[in-house]
Amino acid sequence: MRTGYDVELVHLTKRYGDTVAVRDLNHVFAKGHYVCLLGPSGCGKSSTLRMIAGHEEVSDGSILLDGQDISALPPAQRGTAMMFQNYALFPHLSVRDNVAFSLRMKGVEKTARHAKADELLSLVDMTHLADRSPAQLSGGQQQRVALARALVTEPKVLLLDEPLSALDPFLRIRMRSELKKLQRELGITFIHVTHGQDEALALADEIVVMNDAVIEQAGPAREVWTRPRTEFVARFIGGHNVIALPDGKATLRADAVTLGTEGMPATVTAVEYQGASVALTARTETGEDVLALLPEGEFFASPKSPGEAVRLSWTEGRMHRLEA
Ligand code: ADP
Ligand code: MG
């Protein structure tokens, strides 16, 4: 197992003409971690990743890998590898030759590069399909090949831009557990861009939440979920209510809200069955919508429909004050 390397962003900025896509990012991605860069479309995730990979020029600031400034190096000399959303496999090459492609570019002779490609194909469980062409593969299989191809150069950091978004939901969940397993086995840093909070929570040791070209919050997945720092993070990560207080705002976890005979009067506006739980939304007399995530057994013991009156309660200690 190789050890990981730190990736450090120092005052990293990207401008496209008048658009500031990435504004003065300062962050250290800790070595050997599975990091998810999470945020809505257009917030600057891909620009950040592409600058780390060297596919996009840095406008200001720098990128350090293991202490060395790599900002000016060509992609192949950085020690990073990128896996693209659309896989970008060569249609006329076999699976094995796709994986071996970058080694061929480096002048590695055929036997050696095929041996290395086969090693990687075995890692992603694709040995049996090595002689096929990409057109003969399913989406999930193409993805494994793309992964093997990115890893064949033994990168210090693997960069993945929305790698699961082209897959159907079932395959997406399966592939994400395989990505996580692979990252553990290799011990290298993965930086994975996603706009899906469930994907980030499932995968990440560290979540870096971006909004509007800046980092809103970074920390262990559980910390970001249990202690969102800003209203944006609380709303984006989901499962929280944002409550206005006389002197600021606080979040209240939806799973901390219960229905009972006492508490704040409200009218049910929506009921959504989610399997293990039921998401019930109710409007208070002051017009605020409160989301309650109720265990399904508890809900069905006394089911509610839209229009019904309920009373909402929670333990005061479950409120968590927001900074902004
Ligand atoms: P994300 O990956 O989070 O969706 P991007 O990094 O792709 O965000 O884009 C961030 C911002 O930069 C957006 O406003 C986008 O329109 C803009 N942008 C991205 N790439 C280019 C480009 N090549 N030229 C001009 N503007 C761009
Ligand atoms: Mg993007």
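## A loop residue with positive phi

Glu-154 is found in the loop between α4 and β7 (157–161). Helices (H or I, at least four residues) and strands (E, at least two) are DSSP runs, numbered from the N terminus. Phi of Glu-154 is near 55°, a positive value in a residue other than glycine. With a relative accessibility of 41%, Glu-154 counts as partly exposed; buried means under 20% relative accessible area, exposed over 50%, and partly exposed in between (1.4 Å probe, protein chains only).

## Basis of the model

This is a predicted model, in which local features need pLDDT of at least 70 and side-chain atom pairs count only at pLDDT 80 or more, while totals for chains, interfaces and linings use all residues; side-chain values use heavy atoms, with hydrogens and water left out. Residues are numbered from 1 along each chain as its sequence is written, and chains are lettered from A and ligands numbered from 1 in the order in which they are written.

## Overall dimensions

The protein has nine helices and 18 strands. Along the principal axes, its C-alpha atoms fill a box of roughly 75 × 45 × 35 Å. Of the 324 residues, 47% count as buried.

The accessible surface of the protein comes to about 15,600 Å², and 50% of it belongs to carbon and sulfur atoms; such areas come from the Shrake-Rupley method with a 1.4 Å probe, and for residues only the protein chains shown count as cover. Among contacts (heavy atoms within 4.5 Å) between residues at least 6 apart in sequence, 62% join residues at least 24 apart.

## The ligand site

The residues around ligand 1 are Tyr-16, Ala-21, Pro-40, Ser-41, Gly-42, Cys-43, Gly-44, Lys-45, Ser-46, Ser-47 and Arg-50. A residue is near a molecule if one of its heavy atoms lies within 4 Å of it. This shell divides into four nonpolar, five polar and two charged residues. In that division, Ala, Val, Leu, Ile, Met, Phe, Trp, Tyr, Cys and Pro count as nonpolar, Asp, Glu, Lys and Arg as charged, and the others, Gly among them, as polar. Helix α1 (residues 45–53) supplies the largest share of the shell, four residues.

Oxygen atoms of ligand 1 are approached by both backbone and side-chain atoms. A backbone N or O atom of Cys-43 lies 3.2 Å from one such oxygen atom. For Lys-45, a polar side-chain atom lies 2.8 Å from an oxygen atom of the ligand, and for Ser-46 a polar side-chain atom also lies 2.8 Å from a ligand oxygen atom. A polar contact is a pair of N or O atoms within 3.5 Å; within protein, one must be able to donate a hydrogen and the other to accept it, and residues adjacent in sequence count only if both atoms are side-chain atoms. Taken alone, ligand 1 exposes 560 Å², and the protein buries 60% of that.

Glu-8 counts as partly exposed, at 31% relative accessibility, whereas Thr-13 is buried, with a relative accessible area of 9%. Leaving out residues up to four places away in sequence, Glu-8 touches His-27, Val-28, Ser-62, Ile-63 and Leu-64. The C-alpha atoms of Glu-8 and Leu-25, 17 residues apart along the chain, are separated by 9.7 Å.

Phi of Asp-24 is near 50°, a positive value in a residue other than glycine, and the residue counts as partly exposed at 39% relative accessibility.

A nonpolar core is a set of buried Ala, Val, Leu, Ile, Met, Phe, Trp, Tyr and Cys residues joined through side-chain atoms within 4.5 Å. The largest has 45 residues, and those with the most contacts inside it are Val-99, Leu-147, Leu-151, Leu-158 and Ile-207. Helix α4 (residues 139–151) gives the most to this core, with six residues. Beyond four places in sequence, Leu-147 touches Met-83, Val-124, Leu-158, Leu-160, Leu-179 and Leu-182. A second, separate core of 25 residues includes Val-7, Leu-12, Phe-29 and Met-210.

In helix α2 (residues 95–105), the buried residues are Val-95, Arg-96, Asn-98, Val-99, Ala-100 and Leu-103. Their cover includes α3 (110–123) and α4. Just after α2, Gly-107 takes a positive phi of about 85°.
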